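Thanks for coming. I will go through the cavities in this model and then the sheet. Please look at the structure on the screen.

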Amino acid sequence: MIERITSLQNPLVKAILKLQQKPSERVKTGNFVAEGRREVSLALRYGVEPEWLVICQDFFSPDPAYPIPFSAVTQNRQIEVSEGVYNKLAYRGQSEGIILVGKSSPIKLSEYKAGENPLILLLEGIEKPGNLGAILRTTDAAGVDAVFLCDARTDIYNPNVIRSSLGCVFSQKLIHCTSGEAIAWLKSKGIQIIAATPHAPNVYFMEDFSGPSAIVFGAEDTGLSPKWQNVTDKTVNIPMLGIIDSLNVGTSVAIITFEAVRQRQ
């Protein structure tokens with residue numbers, strides 16, 4: 001029989017709240033929290049190991065586009081909660097009555113095997129969870145092979161990353177590494193490094209992205225670090241025709257990445 005929780009003082013409820021609110025708790029336990037049918041469905045589809053599957057029958061209804069495979073999660077890992085408990089747990093309100101506590105499984109750079117003609121995105125020092133989530137939606141849509149998070153300043157399992165990515169954080173190959181490690185790996189594989197920077201001499205749509213390529217974007221506030229200055233094969237910019245001299249990093253990623261996709265098709 002599936003356990004039903006109605007008390008906010010339940011230890012599991014307190015543990016889930018800590019995971020929602022404290023990055024240090026996510027790091028310590030290796031667990032994270034995802035909520036919503038799409039997010040939970042994608043997490044399970046892409047192999048996230050479920051610790052707990054929490055459902056509130058008052059809010060949940062199935063979505064054929066994003067099925068939840070309850071039969072694949074053992075009953076002793078499924079928990080039913082009352083409306084009051086769910087409203088306390090849910091990061092964004094009712095959020096469709098389904099929450100997953102999952103085990104994170106980061107990919108090491110040494111474990112990643114690039115395909116024959118990879119398109120890789122590198123993000124150095126990205127800090128804002130909303131930007132990272134939006135970028136992961138783009139990389140999913142564009143079929144990017146992998147996303148390297150170099151010297152990351154945000155937790156990829158931050159609830160805002162999961163929410164703004166619409167669960168695409170689970171569909172992507174995400175590799176944590178330093179910029180130095182990424183540079184050495186790319187050079188060893190013969191993958192061209194293309195850095196996006198507002199002051200580059202070349203417009204992005206004039207460059208060739210059709211071969212094995214890694215496109216590098218810097219932090220929202222500081223741009224790329226000096227480590228990349230002498231190792232990039234090309235630098236590209238997006239023409240700015242108004243009074244503003246740069247775009248949001250998520251927008252920049254979308255523009256340049258889909259130019260690469262266009263060329264490859």
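The lining of the second largest cavity has eight nonpolar residues, no polar and no charged ones. In this classification Ala, Val, Leu, Ile, Met, Phe, Trp, Tyr, Cys and Pro count as nonpolar, Asp, Glu, Lys and Arg as charged, and the others, Gly among them, as polar. A cavity here is a set of points, on a 1 Å grid over the protein atoms alone, where a 1.4 Å probe fits but cannot get out, and lining residues have an atom within 4 Å of a point.

Before going on, this is a predicted model, where local features need pLDDT of at least 70, side-chain atom pairs count only at pLDDT 80 or more, and totals for chains, interfaces and linings use all residues. Residues are numbered from 1 along each chain as its sequence is written, and side-chain values use heavy atoms, with hydrogens and water left out.

Which residues line the second largest cavity? They are Ile 5, Leu 12, Val 13, Ile 16, Val 54, Ile 79, Val 81 and Leu 89. Helix H1 (11-21) and strand E4 (78-81) each give two or more residues to this lining, and H1 gives the most, with three. Helices (H or I, at least four residues) and strands (E, at least two) are DSSP runs, numbered from the N terminus. The space inside is about 30 Å³; a volume is the space filled by probe spheres set on the points, and grid points are joined across faces, edges and corners.

The count is two cavities of 30 Å³ or more.

Five strands form an open sheet in the order E1-E4-E3-E5-E2, with mixed pairing; two strands pair if DSSP finds at least two bridges between them. The edge strands, E1 (3-5) and E2, each pair on one side only. E1 and E4 run parallel and are joined by three bridges, and Glu 3 has Ile 79 as its bridge partner in E4.

Finally, H1 lies across E1, E2, E3 (49-55), E4 and E5 (98-103), at about 90° to E2. Contact means heavy atoms within 4.5 Å. Axes are lines fitted to C-alpha atoms, for helices over the stretch in contact, and angles run from 0 to 180 degrees between N-to-C directions.

Notes:
1 Å grid on protein atoms, 1.4 Å probe; cavity = no way out; pocket = protein on both sides within 12 Å on 5 of 7 lines; lining within 4 Å.
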